[in-house]
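Hello,

Here is the structure I promised to pass on. My notes on it follow below.

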Amino acid sequence: METSAQELDDAYRQTIYWCELPEQSVAIRIGHKHPVLDDALRNEAVNEWAFITAYNPHSTLKTPPQNRAMNERLECEIARLGYSCWHGTGIDPKGKWPPEASFLVVGIEPSSAADLGRKYHQNAIVIGRVGGAAELLFLTSAPGCR
């Protein structure tokens, strides 16, 4: 699937980042605040979070078994680094990209989250903090990626 940098930017910004919080689910959207997520983070006594997947590195479609194996490694690494996480799914509302199993990493600083995303060859991750809007953080220097 050949995709331009602008198409990727648009796709990431339109994606709905569903997350299964301890008490309920939340749909995270880029540029929006999420009070329900903020409350769950306060209950964990943390302020920052990142939404990360290992699926489809560099936006290159992989097989379901490949994606699951990479995501299992990511989940183990998140735990090894001492973070807890909540399961989620990145969903393209246009259906061009298949859903991507993901993790909302609780209490991770943006720089550490970026390092983790780069290690798993992601073009971008979603980051946020209590009281703020969800932000798209590009990890690559591809034209059009900020």
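**Salt bridges and cores**

Lys119 and Glu77 meet through their side chains in a salt bridge, 2.9 Å from N to O (a side-chain nitrogen of Lys or Arg within 4 Å of a carboxyl oxygen of Asp or Glu). This pair links distant parts of the chain, with Lys119 in helix H4 (residues 110–119) and Glu77 in helix H3 (residues 64–80), 42 residues apart; helices (H or I, at least four residues) and strands (E, at least two) are DSSP runs numbered from the N terminus. Glu77 counts as buried at 10% relative accessibility, whereas Lys119 is partly exposed at 47% (buried is under 20% relative accessible area, exposed over 50%, partly exposed in between, with a 1.4 Å probe and protein chains only). Arg80 joins Glu77 and Lys119 in a network of salt bridges.

Please bear in mind that this is a predicted model: local features need pLDDT of at least 70, side-chain atom pairs count only at pLDDT 80 or more, and totals for chains, interfaces and linings use all residues. Residues are numbered from 1 along each chain as its sequence is written, and side-chain values use heavy atoms, leaving out hydrogens and water.

Glu48 and Arg129 also form a salt bridge, with their closest N and O atoms 2.9 Å apart. Glu48 lies in strand S3 and Arg129 in strand S6, so this pair ties together parts 81 residues apart in sequence.

The largest nonpolar core has 25 residues, of which Ile28, Leu37, Trp49, Trp86 and Leu104 touch the most other members (such a core is a set of buried Ala, Val, Leu, Ile, Met, Phe, Trp, Tyr and Cys residues joined through side-chain atoms within 4.5 Å). A second, separate core of 16 residues includes Ile52, Ile78, Ala113 and Tyr120.

Best wishes
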